[in-house]
Amino acid sequence: MQVPANPPKLSAPIDLERVRQLFSRPQRIAPADFLRREISSRMFDRLELIKIAPSRVLDAGCGAGADLPLLQKAYPAAHILGLDASEPMLRAAQGPGARQSSLNQLLSKLLPSKSGLDLVGGDFADLPLGPNSLDLVWSNLALHWHPQPDRVFAEWRRVLRVNSLLMFSCFGPDSLRELRTAFAEADLAQHVLPFVDMHDFGDQLVEAGFSTPVLDMETITVTYDTPLALLSDVRALGGNPLTTLRRSMMGKAAWQRMLDTLERGRRSDGKLGLTFEVIYGHAFRPAPKVTSKGEAIIRFDPPRKPR
C-alpha cells in the first residue's frame, strides 16, 4: 500500500476491531438507515453533475449494500464491487438488492469487460485490489470509522486509474454536538468521536496525490421526542469505537445529568434536536508528473493540422 511521505495522522483513537463488532449485527444499525439513505441521495445528486462512464466501481464500506443497486442503475455496464470489513454486513448485502439484474446478465454476455456485482471482505485502507484497477471509488458515511484517513486516501488513490474519481461523505466535527455537551456534564470520559475537519481532509487528499479536491458541507438536524429515542439512533449509527471507551457502566447520577442536559436543549417546538455536519468530497487521480525513478514527465499535444 502506498503511504504518504509524512507520518500517518491519527484522526481519533479508533479500535478497528471494535468497529467490526459494532457493525456485526445489521439489525442493530438498521434503524438509522434513514439518514444513510438521505445522505446517499444527496451524494448521487452531486455525482450526476460529473460526466463519467466507469467500467469498474468500488463501494468502500458498503455495509448491507443499499447503495449497490443504485450504482448498478447509474452504471449498468459497469462491474460493481462492494467491500466491507464486517462479514455479517456482507451477508446482508447478498439479499435481493445485490443480485445481478437480468440487464447486467445480458450485458455480461455482450460486453468484453465484466459487469454485474461482487462482494469482497476487507479493510478499505488495505484493499485486496491491484493498482490502477478502478474508475470510481464511492464511500458513504464510512470514512469517519477509520483512525487514519490519510492512509485510506493513499490506498484509494493507488487503486484508481488516472483521471478516475473518488467520491465520499462522512460526518464532520460539529456532528452530535448536543450529545457531546450532554456527556460533558456527566463525566470526563470521551463518548463521541472527534470527527475530522473538512479542511484537514482537503489537505490529506492533496498530500495523497489527488488533484483539485472539492469539499463542501451541510448541516442536517434530526428531531426526537425523547432522549432515549435520540440515543437509540446514535447507537444505530455505530456507537462508540474509541480505544478510550470506559469499561464500567456510567453511574445513575451521571447518566441522569446527561439526560437532564439533553432535556434542557429542547427546541421551541418541544423536540430534541441532534445535529449532523455532513462533509461531501470528490477528487480525481491526476496523471503522474514524474516516473518511478523520479524523472519528470512532460506532456504535449501535437499540433493540429490546418483545416
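Start with helices α7 and α9: α7 passes α9 in a right-handed crossing. A crossing is right-handed if the near helix is turned clockwise from the far one by less than a right angle, and left-handed if anticlockwise. Helices (H or I, at least four residues) and strands (E, at least two) are DSSP runs, numbered from the N terminus. This is a predicted model, in which local features need pLDDT of at least 70 and side-chain atom pairs count only at pLDDT 80 or more, while totals for chains, interfaces and linings use all residues. Residues are numbered from 1 along each chain as its sequence is written, and side-chain values use heavy atoms, with hydrogens and water left out.

**The helix pair**

Select residues 149–159 for α7 and 198–208 for α9. The two pack at an angle of about 40°, with their axes 9 Å apart. That makes α7 oblique to α9. Angles under 35 degrees count as roughly parallel, over 145 as roughly antiparallel, 65 to 115 as roughly perpendicular and the rest as oblique. Axes are lines fitted to C-alpha atoms, for helices over the stretch in contact, and angles run from 0 to 180 degrees between N-to-C directions.

Now show the side chains between them. On the α7 side are P149, D150, F153, A154 and R157, which meet F201, Q204, L205 and A208 of α9. Contact means heavy atoms within 4.5 Å.

How many of the residues of α7 are buried? The count is 10 of its 11 residues, and the helix is mostly covered. Buried means under 20% relative accessible area, exposed over 50%, and partly exposed in between (1.4 Å probe, protein chains only). The cover over these buried residues includes β1, β4, β5 and α9.

**The sheet**

Next, select the strands. Seven of them form an open sheet with mixed pairing, in the order β3-β2-β1-β4-β5-β7-β6. β3 (116–121) and β6 (211–224) stand at the edges, each with a single partner strand, so one side of each is left without a neighbour in the sheet. From one strand to the next, the twist averages 15°. Two strands pair if DSSP finds at least two bridges between them.

Select β4, residues 134–140. Seven of its seven residues are buried, so β4 is largely enclosed by the rest of the structure. On one side, three bridges join β4 to strand β1 (residues 56–60), and the two run parallel; D59 stands opposite W138 in β4. β4 is also parallel to β5, with six bridges joining them, and there L134 stands opposite L160 in β5.

Move to β6 and strand β7 (residues 272–284), which pair in the antiparallel sense over 12 bridges. T219 stands opposite E277 in β7. Helix α9 lies across β5 (160–171), β6 and β7, and runs at about 150° to β6.

**One buried leucine**

Select L274, which is in strand β7. L274 is buried, with a relative accessible area of 0%. Leaving out residues up to four places away in sequence, L274 touches L176, E178, L179, I220, T221, V222, Y224, L230 and V234. L274 and V234 are 40 residues apart in sequence and 9.4 Å apart in space, C-alpha to C-alpha.

**Cysteines**

Finish with C62 and C170. C62 is buried at a relative accessible area of 8%, and C170 is buried at 0%. How many disulfides does a search of the whole structure find? The search finds zero, where a disulfide is a pair of cysteine sulfur atoms within 2.5 Å.
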